[in-house]
Amino acid sequence: MAEISPISQAATTSGFAPLPGQPLTLEPGLRLLLAPNPSPMTERGTNTYILGDTELMVIDPGPASEPHLAAILAAVLPGQQIAKIIVTHSHLDHSPAARPLSQATGAPVYAFGDSLAGRSPRMQALAAADIGGGEGVDMAFQPDICLPDGGEVEAGGHRLTALHTPGHLGNHLCFQWRDALFTGDHIMEWAPSLVSPPDGDLTDFMASLTRIEALGPRRYYSGHGAPITDGLARTRALRAHRLSRESSIVSAVRNGARTIEEITAAVYSDIPPALLPAAARNVLAHLIDLDTRHALRFTGAIGLHAQVAPI
C-alpha cells in the first residue's frame, strides 16, 4: 500500500508490464505473478513471487482472489511443488490468499506474526486509545510458523533470511536472497509506502530504512511495481522524500496550521480531495514521530482531530 503523493503519481517507465495470470521470469529460479487488484494504492496489483526450481516458495500470495489463487497453482510446473508460503506483512493485498493456498498445497505459512505483532510500545498505547487506523489490515491472518528477525527459510536450495523491518506495518519482514532483497511494501519502485498509525510507525519506518541502507547495493523485488536495480539509491531517495515531507509539515505548523486537516491541506495541495483522508493518516504518522523527537508537541489527545503546536 502506497502513500498518495507527487512521487507516487509517477508512472513506471522501465517497460515493466506484467499481466495478471501470466508468470514473468525475472531471473533463473524467480518468477513474478501479478495479482488482479490494481488501485491507486497498489499500482498494477500485488507482486506474488515464486522462488525455486523444484521445491517452491511463494512470497506474498496476495489478496482473496480465486483467479489469482488458480493462477498460482497453475504456475506450478510438472516436477515442482509449493513447499513454503512466505508473507512479508498482513495487509489485505498480501496475505489473505496464504491460508487457501496452504490448504490447497499443504505448505505451511511463514511470517513474523499476526497483524498486531511487532508494534512499538507507543503504537500499542495509541491503539488502546482508539486513534483509528486498521485500513486494509488482514486481522484474521495467523501464520503457521513465526519467523524472528534473522530467521531463515529454505527450500530446494534457495534460502531466505528474514529482516524485521517494522514501519509500514509492525509485522513487516524483508527477505535477503543471494544479492537481492524482497522488500514487501517497505521500499517500492513506484511510490513511497503508506504509514498509518497505530498499524504503521514512522519512527520505526525510518529506522528500518537505515537498516536496509546498511546492507549496501542490492536489487530489490518489492510488493508492487517494477524491480529496483539500484536499491541503495532508491532507499536514499525515499529517505530524502520523508525528510522533505517532514520539513513541509513543520513549516505548515510554524506558519499557523494547528489541526491535521489544516496541515494536510497545506502539504498535500496537489492531490484530489478524495485522497486527502489517506494523506491525513500519513500526516498523523509524521506528527507522532515529530512529537516523539520533541520537534513539536500535541496540545491534547493524539488522533486525527488533535491539535499541535511548535516547541
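Me: How do you know that strand 4 and strand 5 pair, and in which sense do they run?

Reply: Good place to start! This is a predicted model, and in it strand 4 (residues 55-59) and strand 5 are joined over five bridges in the parallel sense. Pairing takes at least two bridges, so five bridges are enough to call these two strands paired. One place to look is Glu55, which stands opposite Gln81 in strand 5.

Me: What makes strand 5 and strand 6 a pair?

Reply: Strand 5 and strand 6 (residues 109-111) run parallel and are joined by two bridges. The rule asks for at least two, so this pair qualifies. You can find Ile85 with its bridge partner Val109 in strand 6.

Me: What lies between strand 4 and strand 5 in the β-α-β unit, and which hand does the unit have?

Reply: Helix 1 (residues 66-74) is the α part, and the unit it makes with strand 4 and strand 5 is right-handed. Right-handed is the word used because, with the strands pointing away from you, the path from the first strand over the helix to the second runs clockwise. As for strand 5 itself (residues 81-86), five of its six residues are buried.

Me: Why are strand 1 and strand 7 called edge strands?

Reply: Picture the open sheet of seven strands, in the order 1-2-3-4-5-6-7 and with mixed pairing. Strand 1 (24-27) and strand 7 (145-146) each pair on one side only, and they are the edge strands. Strand 1 pairs with strand 2 (residues 30-34) in the antiparallel sense, over three bridges. There, Glu27 stands opposite Leu30.

Me: Why is Tyr49 called buried?

Reply: Tyr49 has a relative accessible area of 2%. Buried means under 20%, so Tyr49 counts as buried. Tyr221, at 4%, is buried by the same test.

Me: What makes Tyr49 and Tyr221 an aromatic pair, and how are their rings arranged?

Reply: Their centres are 5.9 Å apart, and the angle between the planes is 55°. Ring centres must lie within 6.5 Å to pair, so 5.9 Å passes. Planes under 30 degrees apart are stacked and those over 60 are edge-to-face, so 55° makes this pair tilted. The pair links distant parts of the chain, with Tyr49 in strand 3 (residues 47-51) and Tyr221 in strand 12 (residues 219-222), 172 residues apart.

Me: Why is the charge of Arg242 said to sit over the ring of Phe205?

Reply: The charged end of Arg242 is 5.2 Å from the ring centre. The distance cut-off is 6 Å, with a limit of 35 degrees from the ring normal as well. Arg245 lies over the face of Tyr268 at 4.3 Å from the ring centre.

Me: Which residues touch the most other members of the largest nonpolar core?

Reply: Of its 24 residues, they are Ile249, Ile263, Val283, Leu287, Phe298 and Val308. Helix 7 gives the most to this core, with seven residues. In soluble globular proteins, nonpolar side chains tend to be buried together.

Key:
Residues numbered from 1 in each chain as written. Predicted model: local features only at pLDDT ≥ 70, side-chain atom pairs only at ≥ 80, totals over all residues. Heavy atoms only, no water. Buried < 20%, exposed > 50% of the residue type's maximum accessible area, 1.4 Å probe, protein only. Helix = DSSP H or I, 4+ residues; strand = E, 2+ residues; numbered from the N terminus. Core = buried A, V, L, I, M, F, W, Y, C linked by side-chain atoms within 4.5 Å. Phe/Tyr/Trp six-rings, centres within 6.5 Å; stacked < 30°, edge-to-face > 60°.
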